[in-house]
Amino acid sequence: MAGMAVAPLVLLLPILGHRFSWAVWRRLTGLWAVIVVFTFLFMEVSTPTFIAEYDTRPNRLFIEYLNYPKEVLSMLWEGYMATVAIGIFLCVLLTILFAWLMRPWARETSPGNYRKTILVWPIVALAVFMSVRSTTGHRPANPAMFALTSDALVNSLIINSTWSVAFAIYNLKHEEDASDSYGQMEVSEILDEVRSAPWLSGTQFSSRQFPTLHHQTPVQKRLRPLNLVIVLEESLGATFVESLGGTPVTPRLEALKDSGWWFENLYATGTRSVRGIEAVVSGFLPSPARSVVKLSLSQTGFFTLADLLKHQGYDTGFIYGGEAHFDNMRSFFSGNGFDRILDQQDYTNPAFTGSWGVSDEDLFAKTHEDLQKLHASGEPFFRLVFSSSNHTPFEYPDNRIEQYDEEKNTVNNAVKYADHALGEFINTAQNSAYWEDTLFLIVADHDARVWGDELVPIRNFQIPGLILGADMEGRRIETITSQIDLAPTLLSLMGIASEHPMVGRDLVRFPDAPGRAIMQFNDYYAWMDNDLNVTVLRPDQEPLAGLYSRQAGSTQYLPDAPEETAIRKALAHALLPLKLYREQAYGLPDSNDQTRL
């Protein structure tokens with residue numbers, strides 16, 4: 001990073017280092033030095049707070065959140081005002097001190113011997129180039145060189161924050177090919193491996209354009225398919241559910257688990273909301289690139305449950321308490337089958353408004369109002385409801401819950417409030433006319449914070465899930481389940497016969513098939529089978545084999561490499577999503593599709 005900082009000046013030295021341009025050179029050098037020092041200081045002073053939130057040094061998230069200045073500034077103002085003030089003060093103070101220390105140099109009236117400078121310049125330029133490359137190896141320095149432990153945080157601490165963010169920016173334009181760093185497979189091999197899953201084996205795949213497109217016949221036969229409401233709970237990991245080994249702050253959710261299908265071993269595919277959205281709503285596998293919710297080629301023509309159900313006559317919509325433009329949700333939803341989008345601007349006199357929008361009770365009041373109207377119209381409907389109260393700086397209305405923590409604005413209290421608002425909504429729904437013909441899925445997008453001293457902290461990927469409503473009876477789903485299994489299961493329970501490209505498991509038809517969890521964490525891709533064997537793919541490094549312990553909540557990595565079959569299975573599922581994305585091959589064919597086999 002130091003080499004990058006001085007490189008522009010070193011390259012300009014032969015031109016501006018002459019005595020005739022010395023005044024310009026001196027001012028330019030002084031200004032550049034102050035900017036560089038301030039940037040380095042700012043990034044390092046920002047790092048502790050970022051680590052406290054994300055358990056890693058600043059990375060691509062540091063840049064992505066700049067697209068949402070209103071939400072970020074509001075969050076900083078409400079939750080980190082003192083930290084921000086102290087940090088800026090320290091940066092300014094230390095930068096002024098640095099500028100003061102440079103004063104003797106700034107008083108120099110003439111440069112040194114220009115001829116000697118030119119003679120030495122090639123050596124200096126070479127040294128700077130070598131420092132930027134930082135290695136004599138085949139590849140320049142990259143994060144894989146510093147992944148020396150199984151602790152992702154420790155690995156990130158080795159790298160300074162400015163370089164970490166700069167590397168993330170550099171890779172944004174290459175991210176669509178990111179999965180190639182795990183290894184390569186032919187497309188035919190990838191498809192053969194994915195299609196060999198017990199629930200896909202023997203299935204007829206009916207389109208060349210959409211290679212995972214197939215027909216799903218529901219087990220449940222219904223005279224009229226059910227309505228569907230998916231409640232996506234922000235950051236509600238298993239770490240907040242007592243029966244799943246977490247803190248006891250979700251009593252209302254736990255009180256409902258005997259009323260429907262309760263998932264004992266459900267795992268999120270990632271650590272961001274958009275990753276949860278793509279898995280739950282599209283059944284799409286995770287990849288090392290950004291979620292398809294944000295990528296350009298998936299803004300239209302990309303498969304979602306909304307698009308499928310819209311073709312079957314459903315009224316489709318998304319209800320959110322914040323601003324739907326966040327994380328590019330509005331663009332993705334409106335272009336892929338969601339007819340109606342309700343967000344913060346659609347609420348009149350909400351009970352409470354925080355940094356991330358209106359409270360969960362306002363969200364569910366709006367949802368109940370919408371569902372009543374839809375039911376009265378007689379038209380089948382699908383609604384995706386996304387909560388937001390459980391988010392830094394953990395704001396929620398007063399006098400709603402008995403606080404778990406003494407201090408009000410903590411994650412445990414925010415979760416308990418979110419649980420309270422959810423419980424009140426389900427209670428209202430159970431006493432409403434739409435309950436008997438509507439299926440409800442309550443599921444988290446991801447855990448609140450992914451902590452831990454592991455390469456992939458699997459414990460923090462476990463989330464609660466509950467399907468209830470209509471004629472659902474109590475049942476415990478104990479098999480390992482991924483978020484991508486939820487959508488096919490919902491279609492089967494609803495009685496919907498359909499063609500779709502999802503490769504997840506229908507738990508109604510295949511309840512006893514061996515499950516698996518698929519997890520993307522930073523640059524690592526983890527595959528965990530039903531026996532808790534773990535295969536971790538790493539960029540530009542050999543895969544790791546491990547064994548996950550539910551009791552310990554950790555993975556013990558083994559000295560031997562994973563079996564070849566495990567590597568191929570994990571690699572095929574890691575490579576498939578971006579290949580489908582790049583070919584725009586994850587959608588529904590139109591009626592004139594000429595690519596059917």
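Colleague: At what angle do the axes of helix α10 and helix α18 cross, and within what distance do they come?

Modeller: This is a predicted model. In it, the axes of α10 (residues 187–195) and α18 (residues 564–582) cross at roughly 115°. They come within 9 Å.

Colleague: Why is α10 called roughly perpendicular to α18?

Modeller: Angles of 65 to 115 degrees count as roughly perpendicular. The crossing angle is roughly 115°, so α10 is roughly perpendicular to α18. The crossing is left-handed.

Colleague: Which residues make the contact between α10 and α18?

Modeller: From α10 come V187, E189, I190, L191, E193 and V194. From α18 come R568, K569, A572, H573, L575, L576 and K579.

Colleague: How many residues of that contact are nonpolar, polar and charged?

Modeller: Seven are nonpolar, one is polar and five are charged.

Colleague: Now the open sheet of eight strands. What is its strand order?

Modeller: The order is β6-β5-β9-β2-β10-β12-β3-β13, and the pairing is mixed. From one strand to the next, the twist averages 15°.

Colleague: What makes β6 and β13 edge strands?

Modeller: β6 (340–342) and β13 (475–477) each pair on one side only.

Colleague: How do you know that β3 and β12 pair?

Modeller: Pairing needs at least two bridges. Two bridges join β3 (residues 261–263) to β12 (residues 465–469), and these strands run antiparallel. W261 stands opposite I467 in β12.

Colleague: Which strands does helix α17 touch?

Modeller: Helix α17 (residues 486–494) packs on the sheet and touches β2, β3, β10 and β12. Its direction makes about 165° with that of β10. Angles over 145 degrees count as roughly antiparallel, so that label applies to α17 and β10.

Terms used:
Residues numbered from 1 in each chain as written. Predicted model: local features only at pLDDT ≥ 70, side-chain atom pairs only at ≥ 80, totals over all residues. Heavy atoms only, no water. Axes fitted to C-alpha atoms, helices over the stretch in contact; angles between N-to-C directions. Helix = DSSP H or I, 4+ residues; strand = E, 2+ residues; numbered from the N terminus. Parallel < 35°, antiparallel > 145°, perpendicular 65-115°, else oblique. Left-handed = near helix turned anticlockwise from the far one by under 90°. Contact = heavy atoms within 4.5 Å. Nonpolar A, V, L, I, M, F, W, Y, C, P; charged D, E, K, R; others polar.
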